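Please look over the sequence and the 3D structure below. A short report follows.

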Amino acid sequence: QYNRLKYLKDDDRVRFLQVDVRNTKSMRGILNYGFDYILLFHGQVSHAVSVDEPLLDYEINTDATIRILAECIKSNKDATILFAGSRSIFGEPTYLPLDEKHPFHPVAFYEADKALPDWWVRLMHTHYKMKTFVIRPSNVYGPRQHYLTNEYGIFGWWIYNILQKKPIMIYGGSQKRDYTNVYDVINAVELILKSKYYGEDFNIS
């Protein structure tokens with residue numbers, strides 16, 4: 001319904017393999033090819049789902065990710081690895097602007113499950129000198145995002161309601177959020193991959 005798979009499959013530069021990241025055997029087979037760059041953008045991204053199905057969230061965001069990273073240590077030690085974490089692992093900020101030194105304070109299962117791989121990726125550099133990066137984009141929006149529910153970003157949900165001629169509901173009105181365009185995230189990723197700041201983490205907003 002979002003036409004994203006078609007976009008990938010129609011690009012001759014991309015070889016698309018549809019695999020469940022929880023399938024360790026399949027992921028091991030893919031990683032055995034050996035890569036120059038490994039970008040980990042997979043994940044269960046709904047806070048609501050993490051509350052309704054916390055084990056599912058753990059299986060995808062923590063367990064599967066850790067298993068992939070462990071395989072990278074075995075078979076892709078020379079690869080540059082970038083993990084897409086989440087700014088929400090910091091919880092309610094105790095100061096602003098929020099920087100990378102802010103302590104983690106997960107307030108839900110989703111944040112807790114994203115926090116452990118965040119540490120793992122940086123420790124892979126500490127212990128094995130692997131070329132790793134962590135990014136934490138904040139409230140990303142842009143083309144081909146989910147829009148049929150309010151669980152995946154308020155911009156898409158608002159646009160969907162406008163197209164359906166439905167009212168936009170705003171509760172409270174005093175909340176503050178920083179939104180990041182997906183193209184700005186792409187530009188940041190390109191700059192980070194070209195840098196030599198291995199083992200570092202970057203908040204993107």
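Helix 5 has these buried residues: Tyr110, Glu111, Asp113, Lys114, Ala115, Pro117, Asp118, Val121, Arg122 and Met124. Buried means under 20% relative accessible area, with a 1.4 Å probe and protein chains only. Helices (H or I, at least four residues) and strands (E, at least two) are DSSP runs, numbered from the N terminus. The cover over these residues includes helix 3 (47–52), helix 4 (54–75), strand 2 (80–84), strand 3 (131–137) and strand 6 (200–204).

This is a predicted model: local features need pLDDT of at least 70, side-chain atom pairs count only at pLDDT 80 or more, and totals for chains, interfaces and linings use all residues. Residues are numbered from 1 along each chain as its sequence is written, and side-chain values use heavy atoms, without hydrogens and water.

Helix 5 bends by about 25° at Arg122. The bend is the angle between axes fitted to the seven residues ending there and the seven starting there. Lys129 follows helix 5, with a positive phi near 55°.

| Residue | Relative accessibility |
|---|---|
| Val21 | 18%, buried |
| Ser138 | 3%, buried |

Val21 sits in the loop between helix 1 (4–9) and helix 2 (24–31). Beyond its neighbours within four places in sequence, Val21 is in contact (heavy atoms within 4.5 Å) with Met27, His42, Ile60, Ala64 and Ile68. The C-alpha atoms of Val21 and Ala64 are 6.0 Å apart, across 43 residues of chain.

Ser138 belongs to the loop between strand 3 and strand 4 (140–141).

Definitions and conventions
Buried means under 20% relative accessible area, exposed over 50%, partly exposed in between (1.4 Å probe, protein chains only).
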